[in-house]
Amino acid sequence: MEQKKQNGFSSKVGLILAAAGSAVGLGNIWKFPYVAGENGGGAFLIVYLICVLLFGLPLLMSEFIIGKTSKKPTISAFSTISGSKGWLWLGGWCVLAVTLMMGFYFVVTGWCFNYLFESVTNSFATMDTAGFSAHFDAISSSKPRMLLCGLLPIILTGTVLWFDVNKGIERLSKILMPMLLLIMFLMAVRVLMLEGSSAGMRFLFRFEWSQITPEMIMKAAGQCFFSLSLGLGLLITYGAYMPSVQDITSTSLQIVVLDTLVAVLAGIIIFPAVFAFGFNPAEGPELVFEVLPAVLQKMSLSWLSSVLFFTLLCIAALTSTISLMEVVVASICEVSGGRLNRHHSVLITGGIVSVLMALCIFFPQVFTWTDILETTILLPVGALGVSLFVGWFMPMKNKDLVPRSDKRWKTLMRPFLVFALRWIVPAAIILIFLNGQGVF
Ligand code: PHE
């Protein structure tokens with residue numbers, strides 16, 4: 001018990017950067033700009049911010065409350081607080097969702113690493129626009145290459161987790177997150193100086209109130225869940241490592257602000273550049289791995305721009321894989337009752353995730369099924385479980401944790417949090433779920 005207390009973050013900023021690193025990922029860089037641009041620009045941003053405040057923030061806070069109260073990793077946090085083994089299923093559910101997600105996420109992270117190598121070795125120099133499209137197809141179907149590119153981030157993530165939290169995750173987050181922000185600012189300034197970049201800014205920030213439709217609100221809500229990595233109980237494990245003096249409300253607010261800032265900055269980098277060179281904005285992997293490399297190649301200092309951009313993607317992906325893998329590592333240690341130490345657990349988790357990743361690479365349908373399974377069942381049930389647990393079942397005195405640690409919010413935050421977790425969050429999750437099933 002004493003030993004577990006020592007394995008935690010040694011500073012508030014360390015936890016904030018690590019948790020923001022978990023949230024900041026490929027969803028911020030390839031998904032947010034496109035969804036915002038296509039769905040009313042500035043109007044989408046406002047709806048997104050309302051979603052973040054109404055249910056992103058309460059859910060994020062509830063994960064921290066569970067972790068900080070129980071001081072246990074995700075797998076046993078619910079049963080520890082409730083004192084009932086009946087809640088073990090929810091911890092197990094979250095860990096299952098995280099484990100499956102890792103296989104999928106490491107494949108995509110592998111693509112990012114592959115493109116970083118190719119940028120560094122200047123392999124794109126002679127490629128034309130059509131060539132990039134064929135190249136992505138060739139790369140993503142080259143199994144040995146993908147295996148190698150996926151194994152590298154697994155080894156890197158495992159190496160970080162080999163150390164205790166304050167020496168591994170905390171130290172690295174304090175380096176990588178400022179680096180990520182710096183690269184983004186540099187690239188944004190660079191891109192905004194391009195002639196014709198203002199069309200991209202207009203695409204991203206125009207106000208089209210008529211675009212506020214139920215469909216768009218659903219998209220904003222879904223993006224909010226994905227971007228803040230909610231529904232997997234990731235921040236329960238980080239919450240268990242939170243310094244006891246750290247205030248949950250302001251910590252969560254800072255994470256949300258950082259995550260949104262990175263998403264908006266990504267849009268400011270991507271669209272002005274895409275428009276300046278007359279490309280069409282595309283969605284998802286296509287935008288990042290086919291359109292953007294071609295755009296970057298057309299810029300002056302193309303080698304540097306390309307290396308910086310793919311370094312940015314790799315950092316964003318790595319800080320997320322670290323948080324995913326830590327949940328499983330901590331849970332294995334916990335379940336083994338101390339028989340397995342952190343090193344054993346890292347090796348076991350690394351083995352499991354390598355197999356899952358290989359399955360996704362060798363059987364592309366596994367990749368697609370995992371994606372569908374996560375978004376339609378695993379994440380919604382996890383998020384619903386977390387909100388109902390804190391809203392309805394957690395003893396009241398534990399919820400005092402929030403206002404007690406920060407007096408300014410005392411009168412407002414607590415009733416809002418309880419109301420949001422009891423009604424708003426479950427309603428939002430059920431609506432998103434039904435929408436995903438095509439009910440509306
Ligand atoms: N939040 C990450 C992103 O924006 C995605 C993610 C979800 C990462 C869940 C880890 C776990 O890309």
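Reader: How many residues does helix α17 have, and how far does α17 reach from its first C-alpha to its last?

Author: A quick heads-up: this is a predicted model, where local features need pLDDT of at least 70, side-chain atom pairs count only at pLDDT 80 or more, and totals for chains, interfaces and linings use all residues. Residues are numbered from 1 along each chain as its sequence is written, and side-chain values use heavy atoms, with hydrogens and water left out.

Okay, α17 covers residues 364-393, so to speak a run of 30 residues. Helices here are DSSP runs (H or I, at least four residues), numbered from the N terminus. From first C-alpha to last, α17 reaches 40 Å, close to the 44 Å expected at 1.5 Å a residue; that expected span is 1.5 Å times one less than the number of residues. There's a bend of about 50° at Glu-374, meaning the angle between axes fitted to the seven residues ending there and the seven starting there.

On a 1 Å grid over the protein atoms alone, a pocket is an open set of points with protein on both sides within 12 Å along at least five of seven lines, while a cavity is a set where a 1.4 Å probe fits but cannot get out; lining residues have an atom within 4 Å of a point. Besides α17, the elements giving two or more residues are α3, α6, α11, α14 and α20. By class, the lining splits into 21 nonpolar, nine polar and six charged residues. Here Ala, Val, Leu, Ile, Met, Phe, Trp, Tyr, Cys and Pro count as nonpolar, Asp, Glu, Lys and Arg as charged, and the others, Gly among them, as polar.

Phe-226 turns up again by the ligand: it's one of the closest of the 15 residues around it, each with a heavy atom within 4 Å. A polar backbone atom of Phe-226 is 2.9 Å from a ligand nitrogen, and an N or O atom in the side chain of Ser-229 is also 2.9 Å from a nitrogen atom of the ligand. Over at Gly-27, a backbone N or O atom lies 2.6 Å from a ligand oxygen.

Finally, the whole structure holds five cavities of 30 Å³ or more. The largest has about 160 Å³ of space, and Phe-226 and Ser-229 are among the residues nearest its centre. Its lining has 11 nonpolar, eight polar and no charged residues.

Notes. Polar contact = N/O pair within 3.5 Å; in protein donor to acceptor, adjacent residues only side chain to side chain. Points joined across faces, edges and corners; volume = space filled by probe spheres on them.
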